[in-house]
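Please walk me through this structure, starting from one residue and widening out to a whole chain.

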Amino acid sequence: MSKRIDVKDLNVYYGKFLAVEDVNINIDAKSVTAFIGPSGCGKSTFLRTLNRMHEVIPGARVEGEVLLDGDNLYGPGVDPVTVRSQIGMVFQRPNPFPTMSIRDNVLAGVKLNNKKISKGEADSLVERSLRGANLWNEVKDRLAKPGSGLSGGQQQRLCIARAIAVEPQVILMDEPCSALDPISTLAIEDLINELKDEYTVVIVTHNMQQAARVSDKTAFFNIAGTGKPGKLIEYGDTHTIFSNPTVKATEDYVSGRFG
Amino acid sequence: MTSTSLTKSQGAGRAGDKVFSGATLAAGCLILAVLFGVALFLVIQSLPAFTAPAEDIQGGEGFLAYIWPIVVGTLIAAVIALVIATPVAIGVALFISHYAPRGLASGLGYVVDLLAAIPSVVYGAWGAAFLAKEIAPAYDWLAKNMGWLPIFQGPASATGKTILTAGIVLAVMVLPIITSLSREIFLQTPKLHEEAALALGATRWEMIRMAVLPFGRPGIVSAVMLGLGRALGETMAVALVLSSGALTASLIQSGNQTIAAEIALNFPEASGLKVSTLIAAGLVLFVITLGVNMIARWIITRHKEFSGAN
């Protein structure tokens with residue numbers, strides 16, 4: 001239930017502005033891959049191209065290929081809606097639907113496309129997803145309460161439960177802990193460790209310790225200057241990137257000399 | 001020395017502050033005084049209509065018997081207007097906020113706002129001279145095929161000057177109000193929630209149902225309430241379009257009357273008790289409109305709490 005991602009010669013544009021240039025990267029199935037780099041280097045933009053969420057931004061477009069187990073996401077006739085149901089996403093700020101109960105939030109993605117689901121199936125799916133997101137014990141007695149009543153960390157885990165309820169191949173996380181306190185961050189990091197048993201996880205983070213803690217491989221993105229495109233500078237085992245990087249810029253960044 | 005420099009006020013700035021706060025206070029008091037004056041005028045002038053013997057009131061059966069058919073007529077016209085205008089307005093608002101390309105969206109929004117700027121007498125003339133004539137055959141068809149429903153009971157009006165036509169004209173008039181308010185609300189839907197829906201694999205319509213409409217619901221309700229306020233009080237369009245008469249259930253026969261049109265049509269030739277009766281009718285409309293606005297306010301405050309909690 002997880003697939004690998006291979007990106008070939010990917011350029012991302014906002015209108016005429018080249019935001020990310022010439023990315024080639026191979027992301028293994030059932031692993032955690034972290035994207036690090038200074039603000040504005042295009043790592044979030046690049047992450048969004050992995051499930052075509054960049055198309056929400058007017059004028060954003062892509063050249064190149066993103067292959068999900070060999071199938072090009074940008075091939076002719078590919079429906080972005082289908083792509084996104086296969087490649088889930090968790091955002092920087094927790095965003096449960098405020099008008100829905102906790103239970104309905106978990107089921108939101110499953111009920112799309114008029115899929116019918118029996119109450120029994122729904123109940124077990126809710127429990128399975130919330131357990132998968134390490135949230136079940138905290139919310140099992142208040143499933144009918146609004147999701148917005150939870151703490152920030154719980155809301156973020158609810159969003160993860162919502163993402164895994166549709167059984168995606170890949171889960172993308174765009175700085176999922178940047179709005180959370182250290183305890184909630186720890187809970188999410190533990191969860192990421194468990195998620196990689198079943199899913200391919202890609203995470204963007206500003207926190208280098210976090211990248212070092214959770215990821216198997218790390219990609220360092222950088223930007224030459226304002227107005228220049230972001231580039232993938234170095235990609236390798238997390239251990240290597242943090243202890244023995246081959247590029248000077250990577251070493252400077254991970255050792256805290258800039259960024 | 002320090003204490004004096006702290007207590008000493010800076011002349012010019014202070015004076016400007018006082019003038020401004022005085023001006024705003026005066027403006028606030030003025031609007032209350034005008035409202036109070038209108039209410040007082042309505043109550044005093046309409047007292048004779050409430051106290052007069054029943055047979056002296058127009059119709060000869062007292063004020064209640066006089067007023068209730070036109071209250072019902074007013075409500076019928078307003079409800080027709082809302083039933084037609086609300087779905088169209090929400091559709092147009094959604095199209096402008098979420099479907100149309102940006103250039104088209106702003107142009108369309110501008111045109112819709114322009115609709116609100118057309119004087120109501122123009123709408124009335126259009127309804128009376130054009131729409132009524134064109135729509136009469138449709139009423140015939142309704143009478144023949146759906147006449148078993150009391151609201152479409154025949155024989156249909158040959159001129160088309162019915163309460164349904166008046167309702168349709170009112171619908172066109174309240175459309176811009178509901179559309180522009182709904183559009184503003186829809187545009188304020190947090191990007192966060194729209195993206196949450198899209199990232200789950202929602203189509204655009206599913207995203208609207210999951211994120212935009214639930215977020216906008218309280219706003220839609222208050223927009224509809226404001227539209228209702230206009231539909232209730234509209235005078236000229238109804239007076240021109242509707243060939244009025246006694247209260248009837250059928251919407252496609254001539255008949256029915258609204259309070260505002262009743263006042264406008266009868267006031268010029270009225271004298272004595274008739275004037276009081278019409279002013280009393282105005283008081284009733286005032287109370288209905290006040291009620292509608294209070295409901296709208298209540299819904300808007302509820303909306304505030306709701307969005308604040310999230």
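Val174(B) is in contact with Ala81(B), Ala85(B), Gly227(B), Arg230(B) and Ala231(B), leaving aside residues up to four places away in sequence; two residues are in contact if their C-beta atoms, placed from the backbone, lie within 7 Å. This is a predicted model, in which local features need pLDDT of at least 70, side-chain atom pairs count only at pLDDT 80 or more, and totals for chains, interfaces and linings use all residues. Residues are numbered from 1 along each chain as its sequence is written, while chains are lettered from A and ligands numbered from 1 in the order in which they are written.

Val174(B) also belongs to the largest nonpolar core, which has 151 residues; Ala77(B), Ala81(B), Leu170(B) and Val174(B) have the most contacts inside it. Helix H3 (residues 63–99) of chain B gives the most to this core, 16 residues. A nonpolar core is a set of buried Ala, Val, Leu, Ile, Met, Phe, Trp, Tyr and Cys residues joined through C-beta atoms within 7 Å. A residue is buried if 20 or more other C-beta atoms lie within 10 Å of its own, with C-beta atoms placed from the backbone.

Helix H7 (residues 191–199) of chain B has several buried residues, including His193(B), Glu194(B) and Leu198(B). The buried residues of H7(B) pack against helix H2 (80–86) and strand E6 (87–90) of chain A, and against helix H8 (204–233) of chain B. Helices (H or I, at least four residues) and strands (E, at least two) are DSSP runs, numbered from the N terminus.

Chain A has ten helices and ten strands. Of its 259 residues, 46% are buried.

Notes:
Buried ≥ 20, exposed ≤ 12 C-beta atoms within 10 Å, placed from the backbone.
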